[in-house]
Amino acid sequence: MENTNSQSVDHTQELPKALQLGGLKISVGDRELLSDTNHTIAPGKITVIVGGSGAGKSVLLRTLAGLIPRNGPAIKWEGTIQSVHAQDTVHPTPANDEQSELQNGESSPETAVTGQPRIGIVFQQFALFDELTPAGNVQFAIDHRNDRCTRPEQTSRQWLEELGVPSRTPVAALSGGQKQRLAIARTLAANPDIILYDEPTSGLDAASGARVAELIRNTHEAHHRTSIIVTHDYETLIPIADEVLLLDSEHHQLIAVPETDWSQIPSRMRPVQVSAEDGSSTTVLQRAFGHVDSFLASTGATVVATARLPYDLLPLFPRPRWGLRFFAHYLRLVGGVSAWVYLILAGLIVGFTGTYFTFRFLPFRLYTQPLLIDELLASIGFALYRILVPVLATILIAARCGAAIAADVGVKQYGGQIDAMQTLGVKPRLYLLIPIVLAFMLATPVLEWMAFTSARFISMLTFSVTHPDVGPFFWEQHFFRNLVPQDGGWPEGWQWVMLKNLACGIGTGVIGFYRGLAPKQSASDVSNAITSTVLWTTLYVLLVHFVIALLEF
């Protein structure tokens, strides 16, 4: 008897899961999108959710996927979103319940609640990781499945072959159709309970849209997952639907549309007229207070992020392999060859100007230079090592590398890759913030050393050309006099230089990450994030040098 029950449970777990909404309420600001909605989306079927423009389809999709917090600044929701197992057996209905069964239309299968669903999304903009190969995108999903104890359904190569995605073509070079197939392959490889399709035919002509609809239907039949399509393109996608739900903007409900009424859907999809406040009615003072509030809010968020930074930096990679891969990506971004050239040129400039103009504009140079030449060289060496090169190098790293990080993370936010990570159960800080900070901690001292090495070289060359009578040996003897102890060892003050490098590098990485992670509605938001990152990281670096200089000297 026990064996029979266990077999029944195992068989139940293989069945597709339904999505149960309990008392779901969604509001955007003062506008209500859904009001106390209770509905169970059928398991193992394709359910198409349609609605008029502005009805809130995208907000609903993101809420179902768990991408919107319950009490966000603009969007709030209440209720429960759970996955349920549909039993393949139904208890016999007593005779006195026959009438109620007929009134309900059909007997509902018995369900067993399983809790928070694992939902995969095929995003409208695909949200693929461009720095990974097509196989890498799929393997990332395989490695972050909810249950890694079981063998994956297919390998990454097999998923690509099944969906017809070339494995050797870079992701950025794939066509739109190939990217969509890759996005479907990645979503299926994560073994989700439910698959959401976000406007899969948006921007496509009728023929391309029909091919996408056929692809969804064929994929669904092959893998038999509960599929939910959120779309406005009802003409293309309703033919493949098993059920249709209307997001009714008038009654704020999800209403099941019988198949006999599908032809009436166009007349029931009413666009929502959102009354916008006239911006001209706001005074200059009100707008100023709004900017102050926004600044204080962002500053408070920065303070909170700084306070929890030690916790965020704990190396808790879900998969060390992928943590190291993202670390390598950001190390190339922060400390790659272009950064070497950038810092070496900066070192050449500061080394040349610091040496040449010190001797060129020395008062009464003809009389004082023979007396002060050794002291000047010692002062130049001290200034380059302890002050000039560290300040210039960290400012340039903040501007160049901070902007690169803000751009990378900002594009991931705008392109949906951050959301894709979250749907795979990965917190962005684990594969982005931690590798970014580690990359800065390693790259910043190395880049600063390159700048100082080039500054030292050009200083020696400049002095040798302008003082051929004493030459490079004299420069070598006095340049390091105030730096290297007589008994050898590390240069004096190297701890302060390292502290500046690490403090500036970590702060630059954190600022770039959080500025890039802020919500992005357009490409201009990414550009603004880059600009603000350059500003804030530069100010931060100057503040670090000011504070450490007070302590150091």
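This is a predicted model: local features need pLDDT of at least 70, side-chain atom pairs count only at pLDDT 80 or more; totals for chains, interfaces and linings use all residues.
Colleague: What is a cavity, and how many of 30 Å³ or more does the structure hold?

Modeller: A cavity is a set of points, on a 1 Å grid over the protein atoms alone, where a 1.4 Å probe fits but cannot get out; lining residues have an atom within 4 Å of a point. Its volume is the space filled by probe spheres set on the points, which are joined across faces, edges and corners. The structure holds two cavities of 30 Å³ or more.

Colleague: Which elements give two or more residues to the lining of the largest cavity?

Modeller: Helices (H or I, at least four residues) and strands (E, at least two) are DSSP runs, numbered from the N terminus. For the largest cavity, these elements are strand E6 (119-122), helix H6 (176-189) and helix H15 (417-423). Its lining includes Gly120, Arg186 and Thr423.

Colleague: Which element supplies the largest share of the lining of the second largest cavity?

Modeller: Helix H7 (206-223) does, with three residues. Strand E7 (194-198) also supplies at least two. Among the lining residues are Tyr197, His220 and Arg225.

Colleague: How are aromatic pairs classified, and how many are found?

Modeller: Rings of Phe, Tyr and Trp (its six-membered ring) pair if their centres lie within 6.5 Å; planes under 30 degrees apart count as stacked, over 60 as edge-to-face and the rest as tilted. A search of the whole structure finds 16 aromatic pairs. Phe140 and Phe326 form an edge-to-face pair, because their centres are 6.2 Å apart and their planes stand at 75°. Phe140 lies in helix H4 (residues 134-143) and Phe326 in helix H12 (residues 320-335), 186 residues apart.

Colleague: Is Phe140 buried or exposed?

Modeller: Buried means under 20% relative accessible area, exposed over 50%, and partly exposed in between (1.4 Å probe, protein chains only). Phe140 is buried, at 0%, and Phe326 is buried, at 2%. Ring pairs also link Phe129, Phe140, Trp322, Phe326 and Tyr431 into a cluster.

Terms used: Residues are numbered from 1 along each chain as its sequence is written. Side-chain values use heavy atoms; hydrogens and water are left out. On a 1 Å grid over the protein atoms alone, a cavity is a set of points where a 1.4 Å probe fits but cannot get out, and a pocket is an open set with protein on both sides within 12 Å along at least five of seven lines; lining residues have an atom within 4 Å of a point.
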